[in-house]
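Subject: Handover of a structure

Dear colleague,

Please find below the structure that I am passing on to you. A short account of the findings follows it.

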Amino acid sequence: MIRLLCAVAGGVLFCFGLAFSGMARPEVVLSFLQLRDLGLLLVMAAALAVLVPVFLLAPRLRARTVLGEAFSAEVKPFHRGLIPGAVLFGLGWGLTGVCPGAAVASLGLGNGPILIALAGMLLGAWLQGRRAA
């Protein structure tokens, strides 16, 4: 149960950050992808400025994660299915200005039409699950 609560808390914090920075608005993301507004680049740089030191220092300062698990730097194996998945994700993001995290955050901002994009994401995930099974 504590893992679920931590995951929900992390998701809420992530969505709040996206909404606060304006990145939950598709028009802002599309402006970035068209190189008219580089604000998203600053948001990504700020996130990395926080993440990288924590990622490097946490295993040195603590023996285990907050949830009690050992730190791991395991590298996942590459497989061919990652390429078309990345291409589809990039095309969807570029055409709509919406990625899954921003879509959920956008719901919290009252963007009702984003439900169409979320439905498409859920359908795609369900189809992939069926195909992989």
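A patch is made of residues with over 30% relative accessible area and no salt bridge, where like charges are joined within 9 Å and nonpolar side chains (Val, Leu, Ile, Met, Phe, Trp, Tyr) within 5 Å. A salt bridge is a side-chain nitrogen of Lys or Arg within 4 Å of a carboxyl oxygen of Asp or Glu. Accessible areas come from the Shrake-Rupley method with a 1.4 Å probe, and for residues only the protein chains shown count as cover.

The model is predicted: local features need pLDDT of at least 70, side-chain atom pairs count only at pLDDT 80 or more, and totals for chains, interfaces and linings use all residues. Residues are numbered from 1 along each chain as its sequence is written, and side-chain values use heavy atoms, with hydrogens and water left out.

On the surface, a nonpolar patch is formed by Met-1, Ile-2, Leu-4, Leu-5, Val-8, Val-12 and Leu-67, which together have about 720 Å² of accessible area. Of these, Leu-4 is placed in helix 1 (residues 2–21); helices (H or I, at least four residues) are DSSP runs, numbered from the N terminus.

Helix 1 also holds Phe-16 and Phe-20, four residues apart, about one turn of the helix. One aromatic pair is counted (ring centres within 6.5 Å; planes under 30 degrees apart are stacked, over 60 edge-to-face, the rest tilted). The ring centres of Phe-16 and Phe-20 lie 5.9 Å apart with planes at 20°, so this pair is stacked.

Terms used. Helix = DSSP H or I, 4+ residues; strand = E, 2+ residues; numbered from the N terminus. Phe/Tyr/Trp six-rings, centres within 6.5 Å; stacked < 30°, edge-to-face > 60°.
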